[in-house]
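Have the sequence and the 3D view ready.

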Amino acid sequence: MKTLPLEKNFLAIEEEFSNIKDSAVCIVSAPYEHSVSYGGGTANGPDAIILASQFVEFYDDETDKELCFDRGIATIEPIDFGDKIDEEALEIIENQVDELLEMKKFVVTLGGEHTVSIAPIKAYYKHFPNMSLLHFDAHSDLRDSYEDKAYSHASALARVCEFFPPERITQVGIRAQCIEEAEFIKEKNIKTFYASKMRRDPQLSFFWREYVVDSLADEVYITFDVDYFDPAIMPSTGTPEPEGMLYSETIELISMIKAAGKKIIGLDVVEFAPIEGLRHPDMLAARLIYKILNLEYYK
């Protein structure tokens, strides 16, 4: 695997702090887009996030650290999928993530559509068999297939449930799904926190973060579809949904997970489709990644 140079890597940091050998964190770019059903552009997501990251400050005031220099962040060259799709494309991603996990790296995978997430989750599950999966999304992505595609972005978590215990999945921010998905959630005991109840249920609206934390095992993998956020702050996604969540309350949840003594072991960020000339969503995605890393290593 080759890494990207300073002018193209995450945070634009020197080789001393961005080589694979000495870096604790590795960024895997998977610009895979094969099944988007409304707006496109997720294949451009990894490059846009990395570009925006070069304007994110190194210093985090909450932790009083510069993680990129303390721990190192290596940005791997983007995966070239050629004509590979579905299972063959996912195998390429899985193998790269698995190789990095063998090296004891914290892997951040950038998509691409949500189908991408199947691969790093599978790789992580082999290395962390007791992990929980924390799924941030507007959609539950549990359709068995969508538009005749079993590997649709709308079926990503359905494919995950074929190898990962559904009862260990916690979904947050869900506000768009079909009735079959709702029934699947009940049948498989998936812990789903709907945005409607998070906002309007008299008890859940105050304590949903505590309930989410309590639902998780000690090791937590995060899969983060950016359409989880409200379109007001994250319009750059293929299927934006109203009544979304905000940045601060999300970071508060991550902080509470760490305060409970749990470990975030890996992360993917998907479904980011940059809009030309609109910069704030790019910065939000880049800073979200860096903030989660800071909270994991220093909280």
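Buried means under 20% relative accessible area, exposed means over 50%, and partly exposed is in between (1.4 Å probe, protein chains only). This is a predicted model, where local features need pLDDT of at least 70, side-chain atom pairs count only at pLDDT 80 or more, and totals for chains, interfaces and linings use all residues. Residues are numbered from 1 along each chain as its sequence is written, and side-chain values use heavy atoms, with hydrogens and water left out.

Let's begin with the rings. Rings of Phe, Tyr and Trp (its six-membered ring) pair if their centres lie within 6.5 Å; planes under 30 degrees apart are stacked, over 60 edge-to-face, and the rest tilted.

| Pair | Centre to centre | Angle between planes | Type |
|---|---|---|---|
| Tyr32 and Phe81 | 5.4 Å | 65 degrees | edge-to-face |
| Phe224 and Tyr228 | 5.3 Å | 80 degrees | edge-to-face |

Tyr32 is buried at 5% relative accessibility, and Phe81 is buried too, at 9%.

What about the cysteines? A disulfide takes two cysteine sulfur atoms within 2.5 Å, and the structure holds zero of them. The sulfur of Cys26 has its closest cysteine sulfur in Cys68, 14 Å away, so that's too far for a bond. Cys26 is buried, at 0% relative accessible area, and Cys68 is buried at 0% as well.
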